[in-house]
Amino acid sequence: MQKLIFTEFNNNDVKQGSTLVLKASQKETKAGKPFVVMTLSDGTSKIDARKWDTSLDDVKDTVEQVIDVELERRDYNGSASYVVNNVLGFDNNADMSEYVKCVRDAQQMYDSIIKILSEICTIPERQIALNLYREYKDQLINWAAATSNHHALKGGLIYHTYRMISTAVYLRRVYFPDRKTNQESMKSWNLLVIGCALHDIGKLKELETNNLGNATYTKEGNFFGHLFIGATMILDEAKKGEYDEATVERLVHMIISHHGKLEYGAIKQPATKEAIMLNMIDDMDARVEACEEAMEETEPGSFSSPVFMLERTKIYKEND
């Protein structure tokens with residue numbers, strides 16, 4: 001069957017075609033009846049589709065497989081809602097790579113980050129980031145940044161990091177105008193860039209990402225979280241070289257505080273200029289990406305489904 005493209009669905013359309021099942025989870029209606037939420041991918045976008053009156057056992061064999069389905073789109077409270085009416089079979093001849101949503105230029109982004117750290121950063125502590133990036137290159141290029149919410153796709157971590165570092169480079173003229181004459185200003189900006197590069201390094205051990213970009217939490221991730229793990233990775237790497245102790249402390253502080261508030265998972269609240277900026281750049285990129293993803297899945301002239309990352313705001317997409 002022909003691959004289903006979710007953006008080609010109009011309200012009340014019912015189409016048959018192939019799609020990739022990324023994951024599935026069982027839920028219950030208010031009446032206590034089971035249904036399954038299947039996360040589907042067409043290689044460009046992902047949707048959650050419900051299959052009513054079904055248990056997870058009925059569809060578990062479809063997970064991480066390309067299947068043929070009858071898919072219906074309905075409008076619910078002004079937003080698109082999808083229902084899998086029937087699973088028609090498996091598409092065993094499908095090219096899986098055509099269905100996996102991923103960052104296509106992850107290698108180029110990795111190379112750009114290495115170049116910025118090598119050629120623009122000037123403090124010795126940049127080597128901590130360079131060493132970790134070279135040690136974990138394969139994971140950095142392929143890892144998702146989350147299990148859901150933002151940058152939850154293959155290569156999402158390097159994409160998120162690349163946009164953050166690019167933002168830090170653009171902002172240096174605005175917030176560090178005296179960096180060429182003020183040593184502390186130069187160090188603070190360098191730390192901002194290095195902190196952007198390493199802020200989520202702990203996710204390489206917090207999460208396990210498969211070839212489809214599905215991320216799940218590891219035992220270490222559930223126990224400690226990526227802020228603690230990342231700080232530990234940086235401290236362990238710093239012991240291998242001769243670095244300024246106070247500068248390493250500032251870098252570690254950035255990692256453990258980049259969620260901004262304790263209720264958001266920060267170990268400490270940001271207490272330096274570069275730590276405050278790291279938190280704001282991280283939050284901005286996560287929220288903008290969530291907005292962009294919602295717009296990808298929304299028809300022009302309409303509102304998206306509620307976006308969790310944006311306090312369940314419905315994002316409006318203007319007509320082309």
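Analyst: Let's start with Ala286, which is placed in helix H10. Keep in mind that this is a predicted model.

User: What makes Ala286 count as buried or exposed?

Analyst: Buried means under 20% relative accessible area. Ala286 has 5% relative accessibility, so Ala286 counts as buried. Leaving aside neighbours within four places in sequence, Ala286 is in contact with His150, His151, His160 and Met309.

User: And how far is Ala286 from Thr7?

Analyst: Their C-alpha atoms are separated by 23 Å, and the two residues are 279 residues apart along the chain.

User: How do you know whether Thr161 is buried or exposed?

Analyst: We use the cut-off of 20% again. Thr161, found in helix H5, has 3% relative accessibility, so Thr161 is buried. Not counting residues up to four places away in sequence, Thr161 touches Ile113, Tyr133, Cys196, Ala197 and His199.

User: Now to charged pairs. Why is the pairing of Lys101 with Glu293 called a salt bridge?

Analyst: The rule asks for a side-chain nitrogen of Lys or Arg within 4 Å of a carboxyl oxygen of Asp or Glu. For Lys101 and Glu293 the closest N and O atoms are 3.9 Å apart, so the pair meets the rule. Lys101 lies in the loop between strand E5 (79-90) and helix H2 (106-119) and Glu293 lies in helix H10 (residues 273-296), so this pair ties together parts that are 192 residues apart in sequence. Lys101, Glu293 and Glu296 are also linked in a network of salt bridges.

User: What makes Glu292 and Arg163 a salt bridge?

Analyst: Their closest N and O atoms are 3.2 Å apart, which is within 4 Å, so the pair qualifies. This pair links distant parts of the chain, with Glu292 in helix H10 and Arg163 in helix H5 (residues 156-175), 129 residues apart. At 31% Glu292 is partly exposed, whereas Arg163 at 18% is buried.

User: How do you know that Glu237 and Lys240 meet in a salt bridge?

Analyst: The N to O distance is 3.3 Å, so this pair is within the 4 Å limit too. Glu237 is buried at 6%. Lys240 has 63%, which is over 50%, so Lys240 counts as exposed.

User: How many salt bridges does the rule give?

Analyst: The count comes to 11 salt bridges. As background, side chains of opposite charge can pair when their charged atoms come close.

User: Let's finish with two helices. Why are H3 and H6 called roughly parallel?

Analyst: The axes of helix H3 (residues 126-135) and helix H6 (residues 183-198) cross at roughly 20° and come within 9 Å. Angles under 35 degrees count as roughly parallel, so that is the name for H3 and H6. The crossing of H3 past H6 is left-handed.

User: Which residues meet where H3 and H6 are in contact?

Analyst: From H3 there are Arg126, Ile128, Ala129, Leu132 and Tyr133, and they meet Ile194, Ala197 and Leu198 in H6. Sorted by class, the contact has seven nonpolar residues, no polar ones and one charged residue.

User: What makes Arg126 the charged one?

Analyst: Arg belongs to the charged class together with Asp, Glu and Lys, so Arg126 is the charged residue in this contact.

Technical notes: Residues numbered from 1 in each chain as written. Predicted model: local features only at pLDDT ≥ 70, side-chain atom pairs only at ≥ 80, totals over all residues. Heavy atoms only, no water. Helix = DSSP H or I, 4+ residues; strand = E, 2+ residues; numbered from the N terminus. Buried < 20%, exposed > 50% of the residue type's maximum accessible area, 1.4 Å probe, protein only. Axes fitted to C-alpha atoms, helices over the stretch in contact; angles between N-to-C directions. Parallel < 35°, antiparallel > 145°, perpendicular 65-115°, else oblique. Left-handed = near helix turned anticlockwise from the far one by under 90°. Contact = heavy atoms within 4.5 Å.
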